[in-house]
Amino acid sequence: MSKRNWVVTTAQRLTMLAGVGFVLMAGCENKKAGQGGATASGGSAAADKTATPGVTATEIKIGQSMPYSGPASAYGVIGKGDVAYFKMINDKGGINGRKVTLISLDDAYVPVKAVENTRKLVEDEGVAFMFNTLGTANNTAIQKYLNDKGIPHLFIASGAEKWADPANHPWSMGWQPSYRTEAKIYAHYLVQEKPAAKLCVLFQNDDFGKDYLAGLHDGLGDQYDKIVVKTASYEVTDPTVDSQIVSLQAAGCDALLTATTPKFGAQSIRKVFDLGWKPLHLMSNVSVSITSVLKPAGLDKSTGLVTAAYLKDPNDPNLANDPGMNEYREFAKKYAADIDPNDANLVYAFGVSMTMVKVLTQCGNDLSRENIMRQAANLSKFTIPVTPPEIDINTSKTDFRPFSQMRLARFNGTNFEPFGQVIAAD
Amino acid sequence: MTAVSVASPIAAGGGRPRIRRGSLWLGALLAIALVGPFVVSGYRVFQLSQVIVYAIALLGLNLLTGFSGQISLGNGAFYAIGGYVAVIVMTKAGLPYWAAPPIAGAVCFLAGSLFGRTATRLEGLYLALATFGLATATPQILKLDALESWTGGNQGIVITKPGSPVTGLINDDQWLYLFCLAVAIALFVIAWNMVRGRTGRALVALRDHPIAAATMGIDVAAYKTIAFGVSAMYTGVAGALGVLITGFISPDSFPTLVSIQFLVGSVLGGIASIFGTLFGAAFIELVPDLAKKASDAAPQAVFGVVLIACMMVMPGGLAGLVYSVRARLARGTIRRHRAES
């Protein structure tokens with residue numbers, strides 16, 4: 001075989017291999033990009049130019065971009081949960097007589113794909129607004145486009161601080177408490193309960209980790225230098241954080257805030273235990289999954305871990321008969337039977353979709369984009385059954401942070417047990 | 001297997017009519033390309049721009065793999081570098097958007113030549129693996145703290161998309177599309193001339209019989225390096241245009257999958273074809289979309305099956321198919337001529 005044929009054949013074989021790979025990947029992921037209801041009925045909305053795109057007398061069409069495949073596909077549960085929730089609402093008669101059609105597209109967690117999906121949804125499908133698109137980078141990629149066009153970019157699934165910026169981005173709003181809010185809550189707890197604490201901080205060296213430092217600064221104010229003894233950072237690309245933990249222990253801290261992603265959370269739990277160090281261990285809310293963090297680290301080693309929560313833990317046996325969680329479980333059983341009801345992502349989907357329904361209900365018959373945004377920024381003491389009863393959702397024209405309260409919870413070896421009062425960030 | 005590098009053995013009806021027919025096709029293609037963006041929606045214009053961007057990137061890969069015979073699974077890395085260079089010259093140096101693609105191309109030419117120079121020691125699959133390593137490493141390198149002030153780190157950078165200077169006549173999407181189209185035409189003409197000239201012949205000789213080529217006095221290392229540089233340059237320009245039409249860049253925009261898609265598009269269009277890249281680009285941009293329509297449950301499986309089916313029907317890509325059909329028609333004509341005489 002001549003060299004040239006070799007090159008061509010090899011390239012062809014690699015391409016075939018890629019084809020087989022795509023099929024296998026699809027088989028492994030087996031994720032269904034949810035699509036609630038039918039997606040027809042384009043013409044009627046377009047005919048009336050004054051009407052909001054996607055809104056007719058019987059339908060509200062909305063869109064989102066979700067990582068159903070790729071590195072963050074575990075979050076795909078949120079998209080499926082959102083679609084399932086609106087299916088339930090539609091079965092109950094919809095909102096003010098209109099059914100909600102949520103078109104949820106896969107972006108594989110790639111920002112370029114999120115841009116493409118968003119443009120497709122806005123320009124081809126003609127959705128009224130975007131709801132609960134996931135990922136900080138992906139939302140950053142579509143934020144300018146949506147704000148330039150005046151399309152609501154609501155209840156973004158990301159904890160970055162930047163979604164609460166009504167002055168510069170009046171069409172974008174997050175939902176969950178930001179990382180900065182969470183850090184403020186730890187700070188308030190320390191000031192109130194342990195003013196003599198010596199705090200060490202381990203943080204991921206990016207916007208995510210730095211948001212926690214900023215939150216500590218906000219919450220501790222002039223006491224920051226007194227309470228925070230030492231900080232150490234790591235790169236996402238680092239293999240371990242062992243040396244950072246050793247150096248933090250050497251600084252003589254009796255409290256440790258671990259602002260890390262799950263893998264490094266598990267490593268710190270283990271290393272802290274192995275060193276025989278027994279600080280008050282505050283763990284970032286994103287790294288407290290029992291299955292993916294605490295079990296790998298060892299449940300016994302994780303006992304005593306403290307985190308801040310704003311949603312109820314579906315694994316908490318004390319909530320087995322909680323009326324709010326029962327409402328959630330009923331939904332999960334009937335509309336999301338293929339998803340593990342103990343997956344916290346499904347609880348999240350339930351909560352965020354319920355908030356969206358509240359906003360649309362508040363809109364009444366004025367479903368203009370301006371009014372949808374106005375009502376999103378006009379939530380007052382709204383409660384959802386999946387948060388602890390004292391926590392409520394409040395927004396205003398200047399406050400684009402639906403949650404500003406959280407409650408601390410301690411891991412008792414099997415689940416997180418809430419303790420103390422609800423703490424407000426402001 | 002493919003029509004471009006070697007002239008068709010049976011030049012049916014002499015050279016001239018074929019050229020005329022060729023330019024007819026080209027004219028039609030150009031007319032569609034010019035009218036297209038004015039009759040479809042903004043989202044479709046965006047998709048068409050993306051197809052053009054991919055076509056340029058695939059052309060870069062074809063020059064390397066199809067003509068010089070070096071397999072690269074790492075052109076996604078140059079695509080990323082091109083994109084980042086474009087963003088940096090626009091945001092840090094404050095240069096206008098039209099300056100971004102040439103600068104990105106120049107930087108990538110350098111980067112590609114440097115990599116190519118070291119890679120000349122590697123043959124075949126070893127080279128494929130080395131380039132694959134490049135593609136895997138790039139997103140992580142872009143996240144490095146030391147580069148954050150330039151690259152924006154994990155969070156990426158949002159750029160202001162260039163606006164149309166004649167807003168009433170041409171909207172922003174259409175303007176960007178036309179800009180991409182102009183760059184693409186220039187690059188296609190350059191490639192077309194290059195593969196027909198001295199360099200192209202040297203590359204083909206290298207690919208087919210490296211020892212014979214070296215014996216004839218072709219500097220193997222130098223030409224392989226140039227091929228790498230030029231390929232990286234094309235891919236870099238594509239990366240720069242890609243970020244212009246998206247308006248955002250972050251390391252997550254360049255997963256390893258990008259490099260694999262390039263190979264897929266390149267082979268489907270015809271690996272040693274210039275115009276096959278248009279088909280390959282349309283395939284990788286549009287088929288995943290169509291696959292999603294065909295099946296919500298497993299769009300990737302549909303994409304994979306379509307890909308495998310295409311490879312079975314036309315192993316030489318679209319260019320290979322066109323070539324064999326044309327050859328068969330020509331044979332038919334000759335046979336008919338013989339029968340008549």
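## Contact between the chains

In this predicted model, 43 residues from chain A and 46 residues from chain B make up the contact, two residues being in contact if their C-beta atoms, placed from the backbone, lie within 7 Å. On the side of chain A that touches chain B, the elements giving two or more residues are α1 (3-29), α4 (111-125) and α5 (136-149) of chain A. Helices here are DSSP runs of H or I with at least four residues, numbered from the N terminus. The largest share of that side, 18 residues, belongs to α1(A).

## Two helices in chain A

Helix α6 (residues 179-193) and helix α7 (residues 207-220) of chain A have axes that come within 7 Å and cross at roughly 40°. Axes are lines fitted to C-alpha atoms over the stretch in contact, and angles run from 0 to 180 degrees between N-to-C directions. α6(A) is therefore oblique to α7(A): angles under 35 degrees count as roughly parallel, over 145 as roughly antiparallel, 65 to 115 as roughly perpendicular and the rest as oblique. Among the residues making this contact are A:Tyr179 and A:Ala183 of α6(A) and A:Phe208 and A:Tyr212 of α7(A).

## Confidence

The predictor gives the complex an ipTM of 0.73 and a pTM of 0.78. Chain B averages a pLDDT (the predictor's confidence in each residue, from 0 to 100) of 86, and 94% of its residues score at least 70. Over residues 1-15 of chain B, pLDDT stays under 50. Where pLDDT is low, the predicted coordinates should not be read in detail.

## Conventions

Residues are numbered from 1 along each chain as its sequence is written, and chains are lettered from A and ligands numbered from 1 in the order in which they are written. As the model is predicted, local features need pLDDT of at least 70 and side-chain atom pairs count only at pLDDT 80 or more, while totals for chains, interfaces and linings use all residues.
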